[in-house]
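Please walk through the fold of the protein shown here. Begin with the overall picture, then turn to individual helices and side chains.

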Amino acid sequence: ALPIYGGETFHLTWSTRAVPIFMACSGPKSLQMGGRIADGVLFQVGSEPSFVQYALDNIRLGAEQAGRKMEDIKLFMRLACAVSEDRNKAREQVKGYAAVAAGTTFATVPRDYFSEQLWDELAAFKSGYDYYQHGENLAKHTELLTDRIVDGIAIAGAPDEAVPKFQALADMGIDGFVCPASMEDAMEFIQLFGEKVVPRVK
């Protein structure tokens, strides 16, 4: 029997188009698997171009193993981001999510892709991380997020500062970005990001 809703019978048909399958991943093996089998890969490794190169290297390796080309795979980044006309405000707003993302980067990206300074600062940050305050902007451990860590993990600042950083990633072949709006006033960020950042990134 067909299902009934609101007194009406209905049935759903199978989709007549292919539905793309994206893999969300950060570690080398899962990135390689994404390169082998997925229509697209969504990865989180931070904003530092060398970290993005790590992800691309592994996706490409998987693609080559399957006889595929990078052009066949959509590349999306999940990225900690905050923009504001007040630069300091943006950098404070991003810290809660950047702290979470920093842990992922430190755990998955090989040390060869780090500068010595950033590796040492991230190691110190992780040693002081309090999982009871996981993801909180006001967590005590956010005080350990140095400017170098914030710049390596996130894009945070005024729109004119954010645009060239996004453009540099787009120029590496990134097709799109997923930026969680984790700050207190999310709508202010979304509006400014939509008006002064997105239209300027090609």
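Predicted model: local features only at pLDDT ≥ 70, side-chain atom pairs only at ≥ 80, totals over all residues.

Residues are numbered from 1 along each chain as its sequence is written, and side-chain values use heavy atoms, with hydrogens and water left out.

The protein contains eight helices and eight strands; helices (H or I, at least four residues) and strands (E, at least two) are DSSP runs numbered from the N terminus. Its C-alpha trace spans about 60 × 45 × 40 Å along the principal axes. Of its 202 residues, 42% count as buried, where buried means under 20% relative accessible area, exposed over 50% and partly exposed in between, with a 1.4 Å probe and protein chains only. The protein exposes about 11,200 Å², and carbon and sulfur atoms supply 55% of this area; accessible areas come from the Shrake-Rupley method with a 1.4 Å probe, and for residues only the protein chains shown count as cover. Contact means heavy atoms within 4.5 Å. Among contacts between residues at least 6 apart in sequence, 66% join residues at least 24 apart.

There are 20 positive and 27 negative side chains, and the centres of the two sets lie 4 Å apart. Lys and Arg count as positive and Asp and Glu as negative, while His and the chain ends are not counted; the place of a charge is NZ of Lys, CZ of Arg, CG of Asp or CD of Glu.

Helix 2 has 17 residues and reaches 24 Å from its first C-alpha to its last, close to the 24 Å expected at 1.5 Å a residue; the expected span is 1.5 Å times one less than the number of residues. Its buried residues include Phe51, Tyr54, Asn58 and Gly62. Gly62, in helix 2 (residues 49-65), counts as buried because its relative accessibility is 0%. Leaving aside neighbours within four places in sequence, Gly62 is in contact with Gln32, Gly35 and Arg36. Gly62 and Met33 are 29 residues apart in sequence, yet their C-alpha atoms are 5.9 Å apart in space. Gln32 belongs to helix 1 (residues 28-37) and is buried, at 11% relative accessibility. Just after helix 2, Gly67 takes a positive phi of about 70°.

Helix 4 (residues 95-108) has 14 residues and reaches 20 Å between its end C-alpha atoms, close to the 20 Å expected. Among its buried residues are Lys95, Tyr97, Ala101 and Thr105.

The aromatic rings come last. A pair of aromatic rings is described by the distance of the centres and the angle of the planes. Rings of Phe, Tyr and Trp (its six-membered ring) pair if their centres lie within 6.5 Å; planes under 30 degrees apart count as stacked, over 60 as edge-to-face and the rest as tilted. The structure holds eight aromatic pairs. In one of them, the rings of Phe166 and Phe193 have centres 5.6 Å apart and planes at 65°, so the pair is edge-to-face. The pair links distant parts of the chain, with Phe166 in helix 7 (residues 159-171) and Phe193 in helix 8 (residues 186-196), 27 residues apart. Phe166 is buried at 1% relative accessibility, and Phe193 is buried at 16%. Elsewhere, Phe51, Phe106, Phe114 and Trp119 form one aromatic cluster.
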